[in-house]
Amino acid sequence: MSYHKPEAKTVQDLKDLAQKLRIHSINATQASKSGHPTSCASIAEIMSVLFFQQLRLNLKHPRDPSSDRFILSKGHAAPILYAAWAEAGLFPIADLNNLRKIDSDLEGHPTPRLNFIDVGTGSLGQGVAVGAGMAYVGKNFDKADYRTYVVVGDGESAEGSIWESLHFAGHYKLDNLCVIFDVNRLGQSEATSLQHKLDVYRDRLEAFGFNAVVVDGHDVEELSKAFHCAAITKNKPTAIIAKTFKGRDFPNIEDLDNWHGKPLGDKAAEVVKHLEGLIVNKNVKLAPKPVPKTGAAPEVDINNIKLSSPPSYKLGDSIATRLAYGTALAKIGQNNQRVVALDGDTKNSTFSDKLKNLDPQRYIECFIAEQNLVGVAVGAACRRRTVAFVSTFATFFTRAFDQIRMGAISQTNVNFVGSHCGCSIGEDGPSQMGLEDIAMFRTIPGSTIFYPSDAVSTERAVELAANTKGVCFIRTSRPNTCVIYDNEEPFTIGRGKVVRQKSSDEVLLIGAGITLYECLAAADQLEKNCITVRVIDPFTVKPLDAELIIEHGKQCGGRVVVVEDHYQQGGLGEAVLSALAGERNFVVKHLYVPTVPRSGPPSVLIDMFGISARHVVNAVNEIIKD
């Protein structure tokens, strides 16, 4: 496909639209008395060429599965993104003056409250991962013609997460992905480390497997040619390295420090007048390209996903919940072709490799790069194209907390599965032990946290998570645990199970995962001393079955012992304490891992760090005496 230079009128129209976008960005930030007009100005020509010459969009349905994707990774330039959609005709230009107002969804940084935004951006360094996830789905699952474009700021390109994602895109030859670097030289408080060393950007990007093209980012003809080059390049993604200037065409402001994140104030009128003088056709109007009929994304249905067959275990079987996760993942994968697994080179420990064994095409290896792992999953789940399950050791999700947090802002439905939780993993030692993971996921708005204790409940947790909106986290364990539930046992989010009870029970024990079994072992020991206790398996930590805990806690005289393989803060114990905070006449003893553990056999460690059956027995004896 040969390149046809745009006509002179088209070139001028694109230039004029770029200036209009600058003016809209100034006016909107003036109206809100805050924002980033100079950051908008550096990408005006990029946005003009993208929106009015390159992107194939459906204004009636902005999230059309077949339309091109656009991510503004430098989310602080939101005003010019909103201006581009307004100029395209999606909503009235007058609405741009509602920027950042409490009753407007035109927020300071983009969020999917707007129907033309796929993901929230603004926490820098994350857009490329999401774009790579979208592009991977487009190329390998949808096999459709839509392309994905990501605009990255040069300041955020210092983030290691960007380079994780660039490596992923290069490795998988995502030729439907185009990353545009806005190299405007200036950061927030001073110049970026590379400033305008475009050759360094080019060399790095070529080393990461990209077709790297250096352009004048304010020259619409150069940009048009570069985007054409990107579209015809096969077997490698394209990076357009655009030399730009912050505050472009703003007299006495362009390329100067100390203008980041500030409206122009009393200089606005003068700058707008200057920009208007650069516009040839004041009434310029261009429309985005329509979505072509050919190369469309297929229709998919990701509703009502089921296990292909029910759990099939015998009571008393000894099976690790991490293994049951892999079994369940393969089962829901058999039921629905859009179930995909992503992992960070731990698939033979988390058992996500069971889906790979079923269908290698639906397993995405993200290697040891957890921030990119999470971002790719968020992108893969966008526009309801896949049901994504992301697995690694629970503790390694901590380094991707910002990506998970932004996933919640992005209204993602990604499912996270963390194995190797707690000190019960044993000899590998504290660097591998997930002891903060429940706390982390509990803070995520709208999250659901499953903590299954046996193989049956794990399979049902996977099935439920596949159909649950918002972020889900399934905490799985390394040691084998006994199957205690019948294969037909029903499970519901927010509903726990009473696994042992007598009318004479004096204390309520609450445990999950391996500590449920420590509670049951303690109950056996206590009964020999004529003390009976009740035991609850919460199944979900969030939402917690507060009603069940309060009801049975009262029946046990208000005496509760919670045991967990987690640090004190933010886990199951504090969830129970929070549930009981409004209740009178309760006393709670909380057993948890009190300090950084060490290497050792699992049984020795759980005893050394205070969460074994022996410690539960002691806690029960103390609480009865009290």
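**R460 and E463.** I started with helix α16, where R460 and E463 both lie, three residues apart, about one turn of the helix. Helices here are DSSP runs of H or I of at least four residues, strands are E runs of at least two, and both are numbered from the N terminus. An α-helix has 3.6 residues a turn, so residues three or four places apart point the same way. I found a salt bridge between R460 and E463, with the closest N and O atoms 2.9 Å apart. A salt bridge means a side-chain nitrogen of Lys or Arg within 4 Å of a carboxyl oxygen of Asp or Glu. R460 is buried at a relative accessible area of 16%, and E463 counts as buried at 13%. I used these classes: buried is under 20% relative accessible area, exposed is over 50%, and partly exposed is in between, with a 1.4 Å probe and protein chains only.

**Source notes.** The model is predicted, so I noted its limits: local features need pLDDT of at least 70, side-chain atom pairs count only at pLDDT 80 or more, and totals for chains, interfaces and linings use all residues. Residues are numbered from 1 along each chain as its sequence is written, and side-chain values use heavy atoms, with hydrogens and water left out.

**K331 and E459.** Next I looked up a second pair involving α16. K331 forms a salt bridge with E459, the closest N and O atoms being 2.9 Å apart. K331 sits in helix α10 (residues 321-335) and E459 in helix α16 (residues 455-466), so the pair ties together parts that are 128 residues apart in sequence. Both K331 and E459 are buried.

**Other salt bridges.** How many salt bridges does the structure hold? I have 33 in my notes. One joins E489 to K497, with the closest N and O atoms 2.7 Å apart. E489 is partly exposed, with a relative accessible area of 22%, while K497 is buried at 15%.

**Helix α18.** What does α18 pack against? I listed the buried residues of α18 (residues 546-555) as L548, I549, I550, H552 and G553. These pack against strands β14 (497-500), β15 (507-511), β16 (533-537) and β18 (559-563), and against helix α19 (572-580). Contact means heavy atoms within 4.5 Å. After α18 comes G557, with a positive phi near 75 degrees.

**F52.** I placed F52 in helix α3 (residues 44-54). Is F52 buried or exposed? F52 is buried, with a relative accessible area of 7%. Leaving aside neighbours within four places in sequence, F52 is in contact with L14, L17, M47, A84, E87, A88, L286, A287 and P288. As for N372, F52 is 320 residues from it in sequence and 30 Å from it in space, C-alpha to C-alpha.

**Whole chain.** The protein chain has 21 helices and 19 strands. Its C-alpha trace spans about 95 × 50 × 40 Å along the principal axes. Buried residues make up 61% of the 626 residues. Among contacts between residues at least 6 apart in sequence, 79% join residues at least 24 apart.
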